[in-house]
Amino acid sequence: MNDNTIIRSVQEGNTEAFARLVQKYHQKLLAFIYRLVKDPQLTEDIGQEVFLSAYKSLSKFDTERGTPFVAWLYIIARNRCVSYLRTHKGVKKAVIDDYQQLPGSEDTAEEALIRYEGLQALTASLEELPEPFRTTIIKSIQGASLHELSCEYGIPISTVKSHLFRAKEKIKQLMNIYAGGVSHERRI
């Protein structure tokens, strides 16, 4: 059962289905948190808080947006860790070097905010991307090969490549609009 199916089940009232998500991501999430806080007890506490927060917010999670649940979960975890470490500087200081090892992470609040705004712009851009471009690029990002996409859609690989190219171009345009306020009228 994939994450979105489980999430929809939880949203429909099957609260026990959430345990599947916890079981699936528990160890990896704790390893992620530990790299940031370097404290086993704190890691467990934050992990529990993250899953509780995710559970409480799951009713608002839109499975149609294309945002993977695990990415959303890790954002909650990262924000919880950063928040905790800022308010408890005397207890444990964030290990910035480890935080920088995460893809795209920075060591200042300003850079983190810029990165967060970039992620928001990318998410909004993906939402505006028309089909079949949106689905094609999302599946490509999730690891689907050109051949797999070609077979799934019943189209030639050259058409898949064209969809990916056009999707990337449109995302660049939309990102410029969201990030820089540039207006652009060219359509795919």
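The points below go from the overall make-up to single residues.

1. Basis. This is a predicted model, in which local features need pLDDT of at least 70 and side-chain atom pairs count only at pLDDT 80 or more, while totals for chains, interfaces and linings use all residues. Residues are numbered from 1 along each chain as its sequence is written, and side-chain values use heavy atoms, with hydrogens and water left out.

2. Overall make-up. The protein has 9 helices and 0 strands; helices (H or I, at least four residues) and strands (E, at least two) are DSSP runs, numbered from the N terminus. Of the 188 residues, 32% are buried, where buried means under 20% relative accessible area, exposed over 50% and partly exposed in between (1.4 Å probe, protein chains only). Among contacts (heavy atoms within 4.5 Å) between residues at least 6 apart in sequence, 54% join residues at least 24 apart.

3. Nonpolar cores. A nonpolar core is taken as a set of buried Ala, Val, Leu, Ile, Met, Phe, Trp, Tyr and Cys residues joined through side-chain atoms within 4.5 Å. The largest one has 26 residues, and those with the most contacts inside it are Phe18, Ile33, Val37, Val50, Leu58, Phe69 and Leu73. At least two residues of this core come from each of α1 (3-11), α2 (18-37), α3 (40-57) and α4 (69-87). The most is given by α2, with 8 residues. A second, separate core of 10 residues includes Leu129, Phe133, Val160 and Leu164.

4. Ile33 and Thr43. Not counting residues up to four places away in sequence, Ile33 touches Thr43, Ile46, Gly47, Val50, Ala77 and Cys81. Thr43 is in helix α3 and counts as buried because its relative accessible area is 5%. With neighbours within four places in sequence left aside, Thr43 is in contact with Leu30, Ile33, Tyr34 and Val37.

5. Packing of α3 on α4. How do the axes of α3 and α4 cross? They come within 9 Å and cross at roughly 130°; axes are lines fitted to C-alpha atoms, for helices over the stretch in contact, and angles run from 0 to 180 degrees between N-to-C directions. That angle makes α3 oblique to α4, since angles under 35 degrees count as roughly parallel, over 145 as roughly antiparallel, 65 to 115 as roughly perpendicular and the rest as oblique. Residues of α3 in the contact include Leu42, Ile46, Val50 and Phe51, and those of α4 include Trp72, Leu73, Ile76 and Ala77. By class, the contact has 11 nonpolar, 2 polar and 2 charged residues. Here Ala, Val, Leu, Ile, Met, Phe, Trp, Tyr, Cys and Pro count as nonpolar, Asp, Glu, Lys and Arg as charged, and the others, Gly among them, as polar.

6. Backbone points to check. Most residues other than glycine have a negative phi, and most peptide bonds are trans. Lys38, in the loop between α2 and α3, has a positive phi of about 55° although it is not a glycine. Lys38 counts as partly exposed because its relative accessibility is 31%. The peptide bond from Glu131 to Pro132 is cis, with omega near 5°. Pro132 is found in the loop between α6 (109-128) and α7 (133-141).

7. Lys28. Is Lys28 buried or exposed? Lys28, placed in helix α2, counts as exposed because its relative accessibility is 59%. The C-alpha atoms of Lys28 and Tyr74 are separated by 9.7 Å, with the two residues 46 apart along the chain.
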